[in-house]
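These are my notebook entries on one protein model.

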Amino acid sequence: MFNDDYKLVQRMAPLMQKVLIVDPAPASARLLAELMRNIAPVQLWNAVSTRKGLDAARQVNPQMIFVELQGQDVDGVDFARQLRKSDIACRMAPVIMITATATPSGIMAARDAGVHEFLRKPYTAKDLLRRLEAVTLRPRDWVEAVQYIGPDRRRFNSGDYTGPLKRRSDAIATTDEARIIQALKILKSAVPAVTSDPRQAMRAMMAQMVELHRAANGLKDLKLAAMATDFQRYLAIVTDRGVMDQAEIAREAAALLTLLPSEDTEAGQAA
């Protein structure tokens, strides 16, 4: 391993000490495990089906997950969707999907299921290192919507970069103004989802209040911060009450939604 790569691995190692591999093929799981052990000292677990993978994720709480796109009793897209919508502690852990048959539809399905990176077989240790670097050292903004849960899709498969790793700059950060618009769009789409998917709708709305606070602090917008706090307190009351009234929630969210620019009034999911 080159000196620059060694320094890179030293930075990544604490973020990938526990790794789960969901793959029904022993040979490919073993190859990946050997490559991972050659890169850094890691604890590895292997699951041979989607169900066993989710069970292992709950029990092990891995920092990173590799999953085969398609195999006997393994559906990587379904695994990622179930993980993201679950209450498993590692639901936000980086997921790297692996396959030998990388079709455009498969790549898009992985991206839309909340996968962080896509790794095509056959891959080299350098290919793997790039994916590991992307998910550990360049984390993407997390999007907690209703129809989509996962990392910002606009930076999907950033590990495809082939230039010198040490010179690669971070992607442009999301501005506070863009963060506000995205949070309000998600809030707008989450309100009607209260009747069809109440748990995720509530989770999405609570997450957007955190995003609004973050943006308000950056802009020193005391009014926005106060509005987000008021709605956050209201959501906490609704949670304690255990009854979600969609019309009432819409009324409470109305003040925040007036801040959504007119050209963005059409509800849409985040990137």
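**Entry 1: salt bridges**

I began with Glu-133 and Arg-138, whose side chains meet in a salt bridge (2.5 Å, N to O); by salt bridge I mean a side-chain nitrogen of Lys or Arg within 4 Å of a carboxyl oxygen of Asp or Glu. Both Glu-133 and Arg-138 are buried. I use buried for under 20% relative accessible area, exposed for over 50% and partly exposed for in between, with a 1.4 Å probe and protein chains only.

I note that the model is predicted, that local features need pLDDT of at least 70 and side-chain atom pairs count only at pLDDT 80 or more, while totals for chains, interfaces and linings use all residues. Residues are numbered from 1 along each chain as its sequence is written, and side-chain values use heavy atoms, with hydrogens and water left out.

I searched the whole structure and found 15 salt bridges. One of them joins Lys-126 and Asp-5, with the closest N and O atoms 2.8 Å apart. This pair links distant parts of the chain, 121 residues apart: Lys-126 is in helix 6 (residues 125–137) and Asp-5 in helix 1 (residues 3–12). I take helices (H or I, at least four residues) and strands (E, at least two) as DSSP runs, numbered from the N terminus. Lys-126 is partly exposed at 32% relative accessible area, whereas Asp-5 is buried at 10%.

I then looked up Asp-55 and Arg-51, which form a salt bridge at 3.4 Å, N to O. Both lie in helix 3 (residues 50–60), 4 residues apart, about one turn of the helix. Asp-55 is partly exposed at 34%, and Arg-51 is exposed at 55%. I also recorded a network of salt bridges that links Arg-111, Asp-112 and Arg-153.

**Entry 2: strands**

In strand 1 (residues 18–22), I found 4 of the 5 residues buried. Strand 1 pairs with strand 2 (residues 43–47) in the parallel sense over 5 bridges; strands pair if DSSP finds at least two bridges between them. The chain crosses from strand 1 through helix 2 (residues 26–39) to strand 2 in a right-handed β-α-β crossover. Right-handed here means that, with the strands pointing away from the viewer, the path from the first strand over the helix to the second runs clockwise. Within this pairing, Leu-20 has Trp-45 as its bridge partner. Strand 1 also runs parallel to strand 3 (residues 64–68), joined by 4 bridges, and there Val-19 is partnered by Met-64.

**Entry 3: helix 10**

I checked helix 10 (residues 246–257) and found Glu-248, Ile-249, Ala-253 and Leu-256 buried. These residues lie on the same side of helix 10, because they cover an arc of only 120 degrees around the axis, taken from the directions from the helix axis to the C-beta atoms. The buried residues of helix 10 pack against helix 7 (176–190), helix 8 (198–219) and helix 9 (222–241), where contact means heavy atoms within 4.5 Å.

**Entry 4: backbone angles**

I noted a cis peptide bond between Lys-121 and Pro-122, with omega about -5 degrees. Pro-122 is in the loop between strand 7 (117–120) and helix 6. Asp-73 has a positive phi, near 65 degrees, and is exposed at 56%. Lys-220, in the loop between helix 8 and helix 9, has a positive phi near 55 degrees and is exposed at 72%. For context, most residues other than glycine have a negative phi, and most peptide bonds are trans.
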